[in-house]
Amino acid sequence: MSATKSILLRCWLVYSVLVGFALSSSFLIAQTVQISVDVSQTGPKIDRNLFGQFAEHLGYGIYGGIWVGPDSPIPNTRGIRNDVVGALKAIHVPNVRWPGGCFADEYHWRNGIGPKREVTLNPNWGGVIEPNTFGTHEFMDFIDQIGSEAYVSVNLGSGTVKEGADWLEYMTAAQATTLEQERAANGHPAPYKVALLGLGNESWDCGGNMTPEYYLDRMKVFTHFVRNYNPAQQDRDQMQKIAVGPGGGDQRWTDWTETVMKAYGQHTWSWGISGLSMHNYTVVKWPPAFKSFGFGEDEYAQILKATLEMDDLIKKHSAIMDKYDPRKKVALIVDEWGAWYAPLPGSHQGFLVQQNSLRDAILAALNLNIFARHADRVRGANIAQMINVLQAMILTEKEKMVLTPTYHVFKMYVPFQDSTFIPVTFNAGTYKHGEFTLPRVDAIAAKGKDGELWVEITNVDPNQSAEIELSLAGINAKSASGETLTAPKIDSINTFDAPNTVVPKPISAMVRGGKLTLKVEPKSVTVISVEQ
Ligand code: AHR
């Protein structure tokens with residue numbers, strides 16, 4: 001053998017060993033992710049209400065975040081910030097839950113109507129002054145400006161049935177009752193639409209520390225007497241009534257679901273509910289101590305692992321609901337969810353101010369995908385909270401506004417609103433960091449309202465990109481394009497000074513060998529539509 005041949009042979013051997021090692025080591029080269037979608041296999045509707053928002057009188061959520069008042073130098077329409085309205089319109093908010101949260105069970109609606117507002121306190125959230133300048137009319141104006149619907153939570157804790165019934169009559173009556181006339185005198189002759197009605201909030205805790213049995217008795221009275229009189233909503237299903245449901249997965253919570261759903265299973269014409277609420281924050285341990293930015297991979301992996309518990313929780317409570325409501329008439333509405341971290345240093349501890357990083361974008365996508373996979377039962381969800389509170393879409397400071405990574409995910413998911421779920425199969429692989437092991441990749445698919453195919457792919461792994469091979473049955477795919485959201489670091493954030501650190505960028509996919517192939521970046525959320 002000549003010297004040259006021998007050198008070549010040795011090089012070849014070294015190369016083969018290195019390639020073999022690389023291929024066998026999931027650390028160096030991760031497996032290609034095969035995602036299969038069969039467009040003919042359609043599932044339930046992904047209700048647009050899964051993308052609902054929650055705006056409580058808490059910290060700067062309402063005051064400063066939405067409401068600046070008509071005399072403010074901040075551009076506004078009848079007191080409501082124009083910049084915030086513009087941003088929210090773009091994410092097609094289907095409904096906004098208001099006025100709380102814990103605030104709802106201490107809210108007396110009469111304080112927030114008319115020319116002279118009562119000045120009260122907000123005992124749950126820092127004990128600060130509640131000026132009541134943002135009340136029923138301002139909320140409804142806001143809903144109208146952003147093109148959304150009202151999810152009003154009625155005070156079932158410290159309020160009376162009559163107070164709740166009067167509020168609904170005030171908002172919805174079309175006939176010339178005294179309350180209707182008062183609404184008209186306050187500037188709104190036409191009845192308002194209340195799409196969803198919350199029957200209390202966390203009645204097992206801040207809503208009155210009730211037992212499930214006591215809550216049930218009280219809730220039944222409210223569902224009967226708190227009526228919607230809007231002529232356009234006379235069909236019973238036109239206003240969804242949402243009962244308080246569980247806030248966790250242990251026996252205390254399964255007992256709660258069991259009690260409410262068992263009663264529902266035997267309900268008569270005179271009461272009924274269309275939804276059961278569930279609250280589940282990603283927190284790891286109370287009180288929330290994880291930092292919202294300035295964290296490392298340990299906290300990244302731990303928080304994302306914790307957020308996946310949403311799936312088990314939904315399965316657990318859905319199974320109980322199935323026993324008493326096999327036709328799934330009652331929706332499970334996850335009307336408080338999201339990451340709850342330590343308050344930002346220097347912020348008011350009762351205002352729940354936190355930053356919002358790329359990790360939150362991934363967390364949002366994972367949860368939205370879980371909801372979509374349970375779309376037959378989960379037909380509503382409200383991330384907590386819309387502006388300046390917890391996992392917010394928007395942060396404001398005086399005249400400044402910034403859109404968070406979570407906002408961008410909600411925008412990218414707009415095509416999934418009222419789409420039809422399509423089951424997907426994929427080899428998720430694993431992302432392992434220290435003691436935390438998670439699925440590396442997540443994906444959902446859906447047929448949009450206009451029949452187009454949408455696919456979402458989340459790459460949880462912060463260190464490796466993922467090669468995706470998408471097999472599509474029932475559609476002759478030519479190409480795909482969409483957007484991908486990632487950033488330099490797992491805790492990258494958008495700030496008032498640098499608002500574009502975490503923003504979506506265009507991405508496209510090629511057809512190769514009959515499959516769509518694309519590479520998704522580490523720690524990214526990608527939404528593509530498939531063109532045929
Ligand atoms: O979103 C903050 C609070 O969390 C809500 O007011 C309450 O319902 C929950 O405990």
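Leaving out residues up to four places away in sequence, T254 touches G249, K316, H317 and I320, where contact means heavy atoms within 4.5 Å. This is a predicted model, so local features need pLDDT of at least 70 and side-chain atom pairs count only at pLDDT 80 or more, while totals for chains, interfaces and linings use all residues. Residues are numbered from 1 along each chain as its sequence is written, and side-chain values use heavy atoms, with hydrogens and water left out.

T254 belongs to helix α7 (residues 251-265); helices (H or I, at least four residues) and strands (E, at least two) are DSSP runs, numbered from the N terminus. T254 counts as buried because its relative accessibility is 16%. Here buried means under 20% relative accessible area, exposed over 50%, and partly exposed in between (1.4 Å probe, protein chains only). The T254 side chain also reaches the backbone oxygen of Q251 at 3.2 Å. Such a polar contact is a pair of N or O atoms within 3.5 Å; within protein, one must be able to donate a hydrogen and the other to accept it, and residues adjacent in sequence count only if both atoms are side-chain atoms.

Next, a helix to look at as a whole. Seven of the eight residues of α11 (residues 405-412) are buried, so this helix is largely enclosed by the rest of the structure. The buried ones are P405, T406, Y407, H408, V409, F410 and M412.

G448 sits in the loop between β21 (441-447) and β22 (453-459), and is buried because its relative accessibility is 6%. Apart from neighbours within four places in sequence, G448 is in contact with P415, S419 and W454.

Now to the ligand. Which residues surround the ligand? They are F54, E56, G101, C102, W125, N201, E202, Y281, E336, W340, Q385 and L390, each with a heavy atom within 4 Å of it.

Of the 280 Å² of accessible area that the ligand has on its own, the protein covers 93% (Shrake-Rupley method, 1.4 Å probe).

Some backbone geometry deserves a look too. Most residues other than glycine have a negative phi, and most peptide bonds are trans. Q385, one of the residues around the ligand, is joined to A384 by a cis peptide bond with omega of about -10°. Q385 lies in the loop between β14 (378-384) and β15 (394-397). The bond from W286 to P287 is cis as well, with omega near -5°, and P287 is in the loop between β12 (275-282) and α8 (297-307).

E202, also beside the ligand, is not a glycine, yet has a positive phi of about 40°. E202 is in the loop between β10 (196-199) and α6 (212-225) and is buried, with a relative accessible area of 12%. K328, another non-glycine, has a positive phi of about 55°. K328 lies in the loop between α9 (309-324) and β13 (331-339), and counts as partly exposed because its relative accessibility is 23%.
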